[in-house]
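Here is a short briefing to keep beside the sequence and the 3D view. Have both open, and we can walk through a few places worth a look.

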Amino acid sequence: MELFWYSVLIGMLAVYVVFDGYDFGAGIVHLFFAKKEEDKQLITKSIGPFWDANEVWLIAAGGLLFFAFPLLYASAFSGFYLPLMMILWLLIFRAIGLELRGQIHHSMWHAIWDKAFGVSSLLLALFFGLALGNVVRGVNLGGVENGVSSYEATYFFLPLWNSSLDPLAERLGVIDWFTLLLGIIAVISLTIHGANWVILKTNSTLNEQLKKMIFRLNFLLVLFLIASVSTLDIVQPTIFKNYKEYPVLFVFPLMTIVGVAGLFAVKIYKKEIWGFLSSTLFLFGGFTTTAAAMYPVLLPSTNSMNDSLTVYNTITEGYGLSVGLNWFLIGIVLVVLYFIVQHRVFRGKMDAVDYGEH
Amino acid sequence: MEDMLFYDRMQFAFTITFHYLFPQLTMGLSLIIVYFKWKFLRSKNLVYNDSAKFWMKIFAINFSMGVVTGIPMEFQFGTNWAKFSELTGSVVGQTLAMEGMFSFFLESSFLGLFLFGEKLLGHKLHFLTGFLVFLGSWMSGWFILATNAWMQHPVGYEILENGKFVLTNFTELFTNPWLLPAYLHNQAASLVTASFVVASIGAFYVLSEKHEKFGKLFLRTGVVFGLISTLIVAFPTGDMNAKNVAKYQPASFAAMEGIFHTEEGGAEIVLIGQPNMKEERLDNKFAVPNVLSFLTYQDWNAEVKGLNEFDKKDWPTNVPGLYYSYHIMVGLGTLFIGLMALAMFLSWRGILVKTKWVLWALLFAVPFPYIANITGWYTAELGRQPWLVYDLMRTAAGASPTVSSGNTLFTLLGFIGLYLLLGLLFLILVGKLVYSGPKTLKD
């Protein structure tokens, strides 16, 4: 039961990373590469009918976390209070940037919302990377200082940063050199992913330039990946334990590697879908690789006094889970159906689709 | 500690109040748009399709505002009310997770198709996508009301030794006697808001002699939907809710009605008066004897318990706030029925468009259904205090243990600033759409 709901949660988050990831990435591409008005419009058009539904994966995963692992939901959401609130504000800015841009036809109006959309996409990618870094590194559960817990053993509170940016300090912050490393990886990978989406869904004049960009950025990505993997066991010494015990789990890192390798070939693919599939495979693989390493821990404790939060000590009671299973299975079938309908109707390149500036 | 609770409550109150300005129009308006689209399919009269298109534009902006202000609501259960989430997650997490799976995906997947897909889909499928968006938004309301109903009147649970609420009966969550009356009342009230908005813009076009063909249609439609929904809000749904409060939350009922002391031989209904908390009575009271007993128990002499019968620590935290919210809601609801009945009568006689003062009244009535909806929710929520889970878990026990008041005030101020911006943008953009009016396009 624990493993099942953990897989459901990770699965939904992984889908979220892949789906909302491409529209965050499209936002970053929009910010840095789109100079002409028609390219800007094409990029927003390519995610127009999709981004809202993509975001629902986050909301639904949040709901599922609340339902299946209420203690983790309570502890993590209150402990990461400030970064979560900032994520909310960024999500609001991003959404209104996308929705309101077309309402008034004036270059200054467009300029404001273009920046709001682009900058918030970039910062959200960074924040989600930081979040993953925090979950891998762990937090000071119970707020232990000098051997005394200042809160209940399952709660914590994290400021945005501490003065040393050291992931091994007793007083931790959300931002340190390790979490920042993952934040940068998130920005790079979503930029690549978003560029692949733009290439796939539009005939913008940027496409050739974006392919070159993906190719170059991929080297940087590999570099940062190596850096993060080699520092992982400093921050989280037990991280490779699951892989030693269950070699079958290597299927996840394998997906990651195949994905990255596939990205190097972006310039030679005849079909543009291959580029997008590569970055999809990389993101999905990267996220599940981390999750497979962590299980059964959901949020590690950085002190020796209080136990980590795991699937076992945070999961809700059996009856609720078993009725939940019934509606979840019905729900997920419907969701897949909606996505098929949606992507069938808006299939292919979006240039000619006139869903218009209302 | 006191400060912290205050800011947590202020932030939730502020963000939910602002949020609910939008879904109440979304839910009601989606039904009216589906109606216009359906009339077009039946009559092939393009005015109906153009009307549907016009309202879809306003709907789109309104829906976005509802979505972006809705996400913080789900987050805040965890960020600010962590103890509540931890202890009741087994029950409350159930309904909230179902809302995500069953209504958010439905709404968001088909909204794009509904807004942008008319040409790609053809009119019949386009109607279907509109219907699915309507269904999604009304289901969302259902799950939220189910969650709230459980907090107002907990059912189907068991409390473990460690204080955790554990779900024991899933079906009871949805057959909760609190749920159906509250849901119908809420949905009818959201239709009241939408009807008033539609009628008001109709009145604006008729009075300003622009887009008069649309103006007349909006007036007619707004008034018909308006009269039906204002009546349903009062009876049977309002009546059923009041009886539920009297039955399950007698202390809140006494505070709502302004009854400080149990009266012999039947309770009066208070129409006007100001709660005087020091002397525990109403100042400047204007009341009608025995009517409250009759309305509540169909017996002119039935006893209605006054606040004096309850321990002070179990009184609603803000008795005057609760009393005023309830009286504003009921007072406005009564005026709405009067205005809509008059407008309906004039419309039936064919002289509504010529009766200018009624058109002006409809034009400026728009803020009031919003106020009535919000004060209605204040009545429910202030009535639930001092409890998070009625009679079982106090509000103070639900707040996050590690979030300091300084941090909550910081984010509260952030939300106030951000939402001021959103509100301004909403008014500008909807104002612009209304001003430019519906267009008859040939496509």
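Let's begin in chain B, at the loop that runs between helix H13 (367-384) and strand S5 (387-389), where Pro386(B) is found. The peptide bond leading from Gln385(B) into Pro386(B) is cis, with omega near 5 degrees. Please keep in mind that this is a predicted model.

**Cis peptide bonds**

- Most residues other than glycine have a negative phi, and most peptide bonds are trans.
- Besides the bond at Pro386(B), which is cis, there is a cis peptide bond in chain A, joining Tyr295(A) and Pro296(A) with omega about 0 degrees.
- If you want to find Pro296(A) on screen, go to the loop between helix H11 (273-294) and strand S3 (297-299) of chain A.

**Positive phi in chain B**

- Lys44(B) is not a glycine, yet its phi is positive, at about 60 degrees.
- Is Lys44(B) buried or exposed? Lys44(B) is exposed, because 10 other C-beta atoms lie within 10 Å and the cut-off for exposed is 12 or fewer.
- Asn284(B), also not a glycine, has a positive phi of about 50 degrees.
- Asn284(B) sits in a strand, S4 (residues 281-288) of chain B.
- With 8 other C-beta atoms within 10 Å, Asn284(B) is exposed.

**Around helix H2 of chain B**

- Lys39(B) belongs to helix H2 of chain B.
- Lys39(B) has 18 C-beta neighbours inside 10 Å, so Lys39(B) counts as partly exposed; a buried residue would need 20 or more.
- How far apart in space are Lys39(B) and Ala52(B)? Their C-alpha atoms are 9.7 Å apart, while 13 residues separate the pair in sequence.

**Where chain B touches chain A**

- On the chain B side, 54 residues are in contact with 56 residues of chain A.
- Five elements of chain B each give two or more residues to this side: helix H3 (46-79), helix H4 (82-116), helix H5 (118-152), strand S2 (165-167) and helix H14 (405-436).
- Which element gives the most to the side of chain B that touches chain A? That is H4(B), with 24 residues.
- By residue type, the side of chain B that touches chain A divides into 29 nonpolar, 19 polar and six charged residues.

Methods:
Residues numbered from 1 in each chain as written. Chains lettered and ligands numbered in written order. Predicted model: local features only at pLDDT ≥ 70, side-chain atom pairs only at ≥ 80, totals over all residues. Contact = placed C-beta atoms within 7 Å. Helix = DSSP H or I, 4+ residues; strand = E, 2+ residues; numbered from the N terminus. Nonpolar A, V, L, I, M, F, W, Y, C, P; charged D, E, K, R; others polar.
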